[in-house]
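Hello,

Here is the structure I said I would pass on. My notes on its salt bridges follow below.

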Amino acid sequence: MIKRIAVGIVGLIILGFIVLLLLAWEGGIERQSPPAADSFSQEQIDRGQVMAGIGNCQSCHTTDPDRPYAGGLAFKTEFGTLYSTNITPDPDTGIGQWSQEAFNRAMREGVSRDGSHLFPAFPYTHFANVSDGDLEDLYAYMMTREAVNAEPPENTLRFPFSIRMLQAGWKLLYFDGATLDEDASRGEYLAEGLGHCSACHTPRNSVGAEADEQDYDGALVNGWFAPALSDNHSTPVGWTEDELFLYLRNGVSIYHGVAAGSMADVVHQGLVEANDDDIRALARYFHTIAGGSDAAQAGSQAARAIRAAQERSAGTLSRGEALFTYGCASCHYNNPDEPSIMRPDLSLNSAVTADDPTNLIRFTLDGISDEAGIQGVVMPGYADWSNGDLVALFEFLRNTHTDRPAWDNLEQRIQMLRDNAGNGKE
């Protein structure tokens with residue numbers, strides 16, 4: 001009896017293994033000669049360039065700017081290191097022998113031309129949403145790039161994550177194919193398709209799939225934190241549609257800072273190819289899912305946040321010290337033993353030690369241009385600071401950076417110089 005049970009268990013294991021093989025097996029697609037560049041219209045290639053930009057393909061598949069799309073970029077994961085593939089039309093190391101069919105299958109199903117499963121670091125889970133037309137344009141663009149013969153390093157994934165066959169099981173659990181409704185907006189189509197935005201901005205579970213019910217809640221990716229874009233964000237000011245547009249178009253937002261790291265690549269290398277209508281569509285989509293603010297709400301939220309920060313700072317710093325710290329210290333700090341000509345120290349500066357504060361006031365109001373000061377170094381003007389703030393700053397400098405007596409009538413002197421400048425007087 002025990003022997004029969006053992007034989008039955010072995011049989012079930014073998015049967016399970018056979019079923020897994022059948023599920024995992026994907027046939028190869030026949031090789032073809034690289035298509036001629038003139039087999040595609042210039043309009044199609046141009047559209048494909050835009051699609052490649054929205055997909056940020058170059059950033060992920062380029063290590064040497066002189067050899068774009070040749071692959072080899074390392075992606076360090078908790079399972080080991082993956083290297084991006086060569087997607088130039090090189091017939092030996094790239095995708096030159098891939099047909100449109102093979103290209104579409106890789107994009108939508110995560111299966112290479114030879115039938116091997118691709119790892120989901122390649123975001124086919126999002127590219128499954130891309131239309132036939134956009135894939136045809138993207139194929140035209142990729143097949144007309146310069147062919148580069150370059151073999152990327154071998155992946156160094158830990159066992160058993162290195163077994164591509166197991167990706168079939170991963171797909172059964174976590175890959176649903178196309179997920180967009182037919183009536184999806186343009187912004188949703190771009191974000192959830194080629195843009196694959198949630199691939200970076202959504203946390204991952206223990207096996208690398210995007211975590212359920214945590215869409216756009218923020219995640220650590222490639223050594224940078226992709227912040228939450230959902231209504232679970234931690235920013236004091238909600239995104240407005242216009243701020244999202246400016247950020248995605250130019251990489252800067254008044255209320256949210258600048259794009260850096262991976263996001264700088266997205267904005268300045270990828271989305272730069274997109275037209276304003278598509279950027280606006282993305283902005284409108286993310287404004288919706290983030291439960292964003294309107295302009296008036298954002299202005300009010302920003303003012304409250306800034307005032308609160310200033311009040312907290314005022315509890316530990318004098319007003320003048322706080323202003324110096326925020327506005328001046330980064331450019332005027334020196335090692336006492338090695339002061340730099342490029343960073344004038346205000347304790348040595350005659351404008352601060354003089355008996356008359358005129359020069360210091362004028363420098364601060366007007367700034368110092370490249371032509372007037374050190375070539376290549378400028379000091380911005382602070383004419384938009386209030387007289388009260390300037391008085392606090394100058395009193396702090398005079399008291400801490402010199403042993404000279406305080407200046408008299410600073411506020412009146414500041415106002416006089418403002419008025420004279422407005423009247424064209426020196």
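Arginine 186 and aspartate 278 form a salt bridge (a side-chain nitrogen of Lys or Arg within 4 Å of a carboxyl oxygen of Asp or Glu), with 3.0 Å between the closest N and O atoms. The two residues are 92 apart in the chain, arginine 186 in helix H8 (residues 186-192) and aspartate 278 in helix H12 (residues 276-289). Helices here are DSSP runs of H or I with at least four residues, numbered from the N terminus. Aspartate 278 is buried at 9% relative accessibility, while arginine 186 is partly exposed at 36%. Buried means under 20% relative accessible area, exposed over 50%, and partly exposed in between (1.4 Å probe, protein chains only).

This is a predicted model: local features need pLDDT of at least 70 and side-chain atom pairs count only at pLDDT 80 or more, whereas totals for chains, interfaces and linings use all residues. Residues are numbered from 1 along each chain as its sequence is written, and side-chain values use heavy atoms, with hydrogens and water left out.

Arginine 280 forms a salt bridge with glutamate 241, the closest N and O atoms being 3.2 Å apart. Arginine 280 is in helix H12 and glutamate 241 in helix H10 (residues 241-250), so the bridge ties together parts 39 residues apart in sequence. Shared partners join Glu241, Asp242, Arg280 and Arg284 into one network of salt bridges.

Arginine 47 also forms a salt bridge, with aspartate 137, at 2.9 Å between the closest N and O atoms. In the whole structure, the search finds eleven salt bridges.

Regards
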